[in-house]
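I opened my notebook today to look at pockets, a helix and some strands. Here is what I looked up, one entry at a time.

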Amino acid sequence: MRLIWRLAVAGAVLFALAQFVHPVIPTRPASTKLNVPSDVRRILEKSCFSCHSDEPRLAWFDQIQPGYWIVRHDILTARSHLNFSTLGASPPAVQRAKLFEAVNMIQLGVMPLRQFTALHPGAKVTAEELATLKAFVAPWGVAPGLSMEANGNPELAFGDHVRTTSFSLTAVEPEGNGLVFDPSFERWSLLSSTDRGDNNTFRFVLGNEIAMKAAQSGNISPWPDGARLAKIAWEQDLGYDGLIHPGRFIQIELMVKDARRYKDTDGWGWGRWRGLNLKPYGGNAHFADECTGCHMPVLGNDYVYTLPITSAHVDREEIVNNAASSLPANLPWQPLAWRALTMYVEPETRRTATLYGNDTAVRALERKDLTVGRPPGYPSGSVLALVTWAQRDDPHWFGGRIPDIPLTVEFLQRSSGSGADIYRVFEGKALAEAHRDIQDAAQRRDFILNLKPVSLPYSEADREK
C-alpha cells in the first residue's frame, strides 16, 4: 500500500508539472477569406476549423496535459494537409481540388476523425450538411470548353497529334523520394478509367503484368509486391461531335508495391511526373505525405482508389468492378485484355466508351509518326473494339464516374487490299449480335477509325526500341 501511495503521489506531481509544459499552437487570422456561401462556411467552421485552420477552437479539456500534446500534434498535422485560413489565397483550381478532397473524406467517413467527434459531438457532419457541401462544389456543373483540336472532326483526325518529345523516357528524372520512372508503362493493360467531374479530366489506370494477374484473381487485399499501377490524366475537350474526348496530357502517377521497402509510406512507392517533359512533382521525399494522406480513406483497399474491371469475385463490397467486366464468352474476341487506345464520354446519356486495339493495331500505331500528316491507317489484321458502358458514380471518389454495365461492343476488322472491312456489333442486355444496314455500318466504321489515340509523351528513340 505504501508503494502504491508513493506512485500515486509521484503521478500527481508529474501531472501537475506537465501542465506547465504547454507549447504554443500558432494562431493568426486568415490571410484571405475563403469565398464560400455562409451556410457552407458555417459547416466548415463547425466541423473542420478546429484542426484545419489557424484559428483552433479548443474545449477546456483539450487544454489538459498530456492530451494537449496530442491535440497540438493533430492540429499541426492537419494544417499541413489542408488549412482553410490560407486556402483562400490559392488559385481557384487548387481551392476547388482541396474542397472536393475534403468532401470526399467526409463522405467516406474518415473526417472529422472519430476520436475527435467522440469528444466533440457537435463537430459531426450531418447528412443534410454533407448534401449542402456536395451541392456547393457541384461536379459536372462546369463543362469543358470546345476544343479546337481534331476531336470528333473526321477531316482533321490523326493530324498534328502531339506525342513526340525531345527526350527519352529512360532519361526522365527520378521523383524526390528516389522512385525511378518506369518507361514501360505504355505497354501495360487497362485496369479501369475514370471520368472526373471535379476537375474535368479523364484518367486511365494501367497495371503491369503482376498487377493485372492480381486483379484477375482478386488477390488485391493487399496487392502483391511487384504490382505497379500507372494513372494517366488528360484534360477533357468537347469535340465537334458533341462527345467529350481526352485533350491535353497532364501527368502520370505511379504506385509501386513493395511492402518492406516502402513500409514508411503504406507499402507503396509514390511518384508523379507532370507535363510532356515529365517533370518530377516532388521536391523531396516528404511530398509522399500528400499521397498517403489523400489515399488514407481507402486503407481497407490497400490504399488504392481504383476498382479494377475484373470478373474475379471478392467477398467485400466495392473493391472490384464486376459489372463492367460482364462481357459474354461468345464474343469473337475478348477486348478487355487488349491495349486501350482512347476513351470518350457521351455527356447527355452518361455513357463512357473505350477503344481497344489488338496487337497488330497497337504495333502499327507504335511504328507510325503521328505528328506529321495522316498515316495510312490500321493495316490488315488490325481489330479495333469499342466497348460502351453506362456510367455510375465512383463510390471511392465524389465527383468521379466509372464504367458500369456494358451496353454495346463494336468490332472493326481491317481487311487487306480491296476487301471490305468487317463491322460487327453486340448490344442489348445479353450483348447479342445485332445487324446494321450498310449505311449505318459504314458510318460506325468511319467513326471508329477516326478516334484519335490518346497523347502520351515519348520520343522517337523510345519508339525504335
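This is a predicted model: local features need pLDDT of at least 70, side-chain atom pairs count only at pLDDT 80 or more; totals for chains, interfaces and linings use all residues.

**Entry 1: a hairpin**

I began with strand 11 and strand 12, which form a hairpin with 4 residues between them. In the turn, I noted that Gly428 has a positive phi of about 85°.

Strand 11 (residues 422–427) and strand 12 (residues 432–434) are antiparallel, joined by 3 bridges. I found Glu427 opposite Ala432 in strand 12.

Then I looked for another partner of strand 11. It pairs with strand 10 (residues 400–413), again in the antiparallel sense, over 6 bridges. Here I wrote down Thr408, whose bridge partner in strand 11 is Glu427.

**Entry 2: strand 1 and its partners**

I followed strand 10 to its pairing with strand 1, which is antiparallel and has 2 bridges. Asp195 has Arg401 in strand 10 as its bridge partner.

Is strand 1 mostly covered or mostly open? I found that 8 of its 8 residues are buried, so to speak mostly covered.

Strand 1 also pairs with strand 2, in the antiparallel sense over 7 bridges. I picked out Ser192, with Val205 in strand 2 as its bridge partner. The two strands form a hairpin with 4 residues between them. In that turn I noted Asn200, with a positive phi of about 55°.

A reminder to myself: in a regular strand, side chains alternate between the two faces of the sheet.

**Entry 3: helix 7**

I moved on to helix 7 (residues 127–137) and asked which of its residues are buried. My list has Glu129, Leu130, Leu133 and Val137. Looking down the axis of helix 7, I saw these buried residues fall within an arc of 100°, so they line one face of the helix.

What do they pack against? I found helix 2 (38–47) and helix 5. On the face turned away from the buried side, I listed the exposed residues Ala127, Glu128 and Ala135. Just after helix 7 comes Ala138, with a positive phi of about 45°.

**Entry 4: the largest pocket**

Now for empty space. Rolling a probe the size of a water molecule over the atoms shows where such space is left.

The largest pocket holds about 1,400 Å³ of space. I counted 43 residues in its lining, and the closest to its centre are Arg196, Asn199, Arg203, Gln251 and Arg272. Among the elements giving two or more residues to this lining are strand 1 (189–196), strand 2 (201–207) and helix 9 (288–295).

Which element gives the largest share? Helix 5 does, with 7 residues. Sorted by class, I have 20 nonpolar, 9 polar and 14 charged residues in the lining of the largest pocket.

**Entry 5: the second largest pocket**

I finished with the second largest pocket, which has a volume of about 740 Å³. Its lining has 28 residues, and I wrote down the closest to its centre: His52, Thr77, Ala78, His81 and Met111.

Helix 3 (67–81), helix 5 and helix 9 each supply at least two residues of this lining. The largest share, 6 residues, comes from helix 3. By class, I noted 14 nonpolar, 9 polar and 5 charged residues in the lining of the second largest pocket.

How values were computed:
Residues are numbered from 1 along each chain as its sequence is written. Side-chain values use heavy atoms; hydrogens and water are left out. On a 1 Å grid over the protein atoms alone, a cavity is a set of points where a 1.4 Å probe fits but cannot get out, and a pocket is an open set with protein on both sides within 12 Å along at least five of seven lines; lining residues have an atom within 4 Å of a point. Grid points are joined across faces, edges and corners, and a volume is the space filled by probe spheres set on the points. Ala, Val, Leu, Ile, Met, Phe, Trp, Tyr, Cys and Pro count as nonpolar, Asp, Glu, Lys and Arg as charged, and the others, Gly among them, as polar. Buried means under 20% relative accessible area, exposed over 50%, partly exposed in between (1.4 Å probe, protein chains only). The arc is that of the directions from the helix axis to the C-beta atoms. Contact means heavy atoms within 4.5 Å. Two strands pair if DSSP finds at least two bridges between them.
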